[in-house]
Amino acid sequence: MKESLIKADTHLPRAEGADRPVVEVGVGVLFRPDGSFLLTSRPPGKVYEGYWEFPGGKLEAGETVEHALARELHEELGIQVDPGAIILWREQLVDYPHALVRLHFCKLTVWQGELSMREGQSFVWESLPVKVEPVLPGAIPVLRWLEEESSPG
Ligand SMILES: Nc1nc2c([nH]c(=O)n2[C@H]2C[C@H](O)[C@@H](COP(=O)(O)OP(=O)(O)OP(=O)(O)O)O2)c(=O)[nH]1
């Protein structure tokens with residue numbers, strides 16, 4: 001099956017032609033028992049600074065999605081996560097001007113420790129429809145998937 005692709009900011013040039021390497025990214029959708037989910041703002045100095053997203057980051061060499069995400073959640077949010085508690089959910093390819101990324105979205109309901117924003121981000125526990133904006137193009141499909149899962153039938 002062909003992988004679906006979102007093309008973001010099509011008016012901007014791509015960094016390196018058509019065959020750019022795919023950057024693999026682990027992303028966590030953290031749920032509280034009341035069903036709300038965590039959004040964080042992209043830290044100062046990163047591309048799309050201030051945009052809202054789900055926490056996560058790039059896989060390092062040899063890492064699985066679950067291990068990379070557990071590491072990123074500890075680095076960014078100060079929480080401890082057992083990679084075994086991370087549930088792989090959906091994938092989405094996004095073509096940005098700065099990179100071609102494959103997002104591995106995961107669900108998560110169990111972690112230890114209090115949230116502490118270690119990279120100067122902001123955070124919010126949201127439910128649908130989300131009130132914060134702007135939302136990163138590569139995070140928008142998640143909101144649609146959550147909507148689909150919550151609607152009957
Ligand atoms: N964390 C996260 N990244 C997303 C989402 N949607 C989306 O398109 N992305 C993209 C933005 C970036 O191009 C890429 C994540 O890279 P990043 O720069 O945030 O990762 P990182 O923390 O490893 O960064 P660094 O080591 O380069 O500082 O994935 C999302 O919901 N969450």
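Guide: Two strands are said to pair here if DSSP finds at least two bridges between them, and that criterion is needed at once, since β3 and β4 pair in the antiparallel sense over 2 bridges. The model is a predicted one, and what follows should be read with that in mind. The sheet in question is open and has 3 strands, in the order β4-β3-β8, with antiparallel pairing. Its edges are formed by β4, residues 52–53, and by β8, residues 123–126, each of which pairs on one side only.

Let us begin with β3, which covers residues 37–41 and pairs with β8 in the antiparallel sense over 4 bridges. Along this pairing, Phe37 has Glu126 of β8 as its bridge partner, while Leu39 stands opposite Val124, again in β8. On the β4 side, Thr40 has Glu53 as its bridge partner. In a regular strand the side chains alternate between the two faces of the sheet. As for burial, a residue counts as buried if 20 or more other C-beta atoms lie within 10 Å of its own; by this criterion 4 of the 5 residues of β3 are buried, so the strand is largely enclosed by the rest of the structure.

Another point of reference is Leu77, which belongs to helix α1, residues 65–77. With 24 C-beta neighbours inside 10 Å, Leu77 counts as buried. If its neighbours within four places in sequence are left aside, Leu77 is in contact with Pro55, Leu115, Ser116, Met117 and Arg118.

The protein has 2 helices and 8 strands, which follow the pattern β-β-β-β-β-α-β-β-β-α along the sequence. Its radius of gyration is 15 Å, close to the 15 Å that the globule rule gives for 153 residues, so the protein is as compact as a globular protein of that length. The C-alpha trace spans about 45 × 40 × 35 Å along its principal axes, and buried residues make up 26% of the 153 residues. Of the contacts between residues at least 6 apart in sequence, 67% join residues at least 24 apart.

Finally, an unreviewed UniProt entry places the feature "domain: Nudix hydrolase" at residues 21–148. In the model this span is 17% helix and 32% strand, and its end C-alpha atoms lie 31 Å apart.

Technical notes. Residues are numbered from 1 along each chain as its sequence is written. This is a predicted model: local features need pLDDT of at least 70, side-chain atom pairs count only at pLDDT 80 or more; totals for chains, interfaces and linings use all residues. UniProt positions are given in the numbering used here, feature names are shortened, and annotations may be inferred rather than shown by experiment. The radius of gyration is taken over C-alpha atoms; the globule rule is 2.2 Å times the number of residues to the power 0.38. A residue is buried if 20 or more other C-beta atoms lie within 10 Å of its own, exposed if 12 or fewer, and partly exposed in between; C-beta atoms are placed from the backbone. Two residues are in contact if their C-beta atoms, placed from the backbone, lie within 7 Å.
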